[in-house]
Amino acid sequence: MAKQKTVFFCQECGFESSKWMGQCPGCRQWNTFVEEKTTRQTGSQGARSKEAPKPVALSAIEMTCEERFTSGFPELDHVLGGGIVSGSLVLVGGDPGIGKSTLLLQVCQSLSRERIDVLYISGEESLQQIKLRAKRIGAFSDSLTLLCETNLETIDEVIRREKPQVAVIDSIQTVYSEAITSSPGSVSQVREATGAFMQLAKGLGIMFFLVGHVTKEGVVAGPRVLEHMVDTVLYFEGDRHASYRILRSVKNRFGSTNEIGVFEMGEQGLSEVENPSEFMLSGKPKEASGCVTACSMEGTRPILLEVQALVCRSSFGIPRRTAAGTDTNRVNLLMAVLEKRLHLRLGECDAYVNIAGGMKVNEPALDLAIVLAIISSYKDRCVDEKTVFFGEIGLSGEVRAVSMAKQRIQEAQRLGFTGCVLPDVSLDSIKTDGGIHLLGVRNVQEAVQKLL
Ligand code: TYD
Ligand code: MG
């Protein structure tokens, strides 16, 4: 017997409630509850005809090598943890117009060239519009098939009939099931659709890419539940004004998270940026005060960045402090440390800190570079431009060790830097071939004494 029921869902975390609430008890967000009508199958208790399975000992499970194949994009393979795993569900989130559809169409293109059967299902664009985009990207092989459909039952039927190896759903928010009365994109619709694709993925060994929209706050729209259901969550992000895009993994059942892939949007779609450090440092001014090169880690990958600071006298009572690409509170904290430990009169100054290139970095290893950029601008003296800096700064002004110092030094050396300033405590554990001069510093006072 089917029974109609009204329930309320939190749009943020998927919390379910029988009555409306102002604040969600699950995630503490305000005004996130929406009403949805669901049909519940009653009497499911009686439908237990199958025998319950027996638990298995861990040692008795045979290892089958997880089947991976390359997407044709080494950057994407890297983010996925070494290639596409068949039977997995990958959610690709990102702002509108960032290039999700373009990326996935390009992946389809390279997969279909390898004679892998790919089905691209779009609920947002017509076949003509997809063709138009495909023309910019290049030639396609016949093993890519397209479908414009939003009905879940139809999509399910087509996938079961065609049995592609890879399927793309663009986007999950447009798919709707007739069995549920609420509108497409709502929590229960998205949950139902993802559940159906999950069954297809695990049952038939089909790999799914799901495109998900992102809200203003930068999380996949509506259902956070979606993130719990899929195997891998990738975010496609980037500055609207810059041409490069970063693909970031925030959840990965088959690999490590926090890996990034860097792409550049051009006339013919997206291309990979093999050398992100070079890309980030392009256009770095020579002999300019307030410019310092830092080394940050993105997963296992070191990236060199330019940290810029501008410190000038404030003409108002309350000085302005802004930070673009990094945490403003962190910058405020570092300035307080400088004020106290170095007796700099920063309270009378406006300070603007910027990570050039538009990347967003919140790693504490950037502290030393930020501090030196601020002092360099304050004193109007340049820091050696062939030197890279990294190290975390504590509240008493000490420079603390950071992880993966060796990889950071290697990256600096690879890009032709001749010096590296790092925490003194890390110095012992590092051996270099002498191609780069290493200078260990214990605290900010020492760093300023030796460098500025
Ligand atoms: P799109 O892939 O449609 O974004 P999403 O699916 O994430 O909403 O993004 C396309 C954007 O990229 C659009 O603004 C145009 C631009 N673009 C290029 O600059 N070059 C190209 O070759 C293509 C295909 C798109
Ligand atoms: Mg799109």
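Five aromatic pairs turn up in this predicted model, where a pair means Phe, Tyr or Trp (its six-membered ring) with ring centres within 6.5 Å, called stacked if the planes are under 30 degrees apart, edge-to-face if over 60 and tilted for the rest.

Start by selecting F197 and F208. Their rings make a tilted pair, 5.2 Å centre to centre with 35° between the planes. F197 belongs to helix α5 (residues 187–204) and F208 to strand β10 (residues 207–213), eleven residues apart; helices (H or I, at least four residues) and strands (E, at least two) are DSSP runs, numbered from the N terminus. Both F197 and F208 are buried, that is, under 20% relative accessible area, with exposed over 50% and partly exposed in between (1.4 Å probe, protein chains only).

Next, pick Y244 and F279. Their planes sit at 80° with centres 5.9 Å apart, so this pair is edge-to-face.

Now show F73, F236 and F263: together they form one aromatic cluster.

Residues are numbered from 1 along each chain as its sequence is written, and chains are lettered from A and ligands numbered from 1 in the order written. Local features need pLDDT of at least 70 and side-chain atom pairs 80 or more, while totals for chains, interfaces and linings use all residues; side-chain values use heavy atoms, leaving out hydrogens and water.
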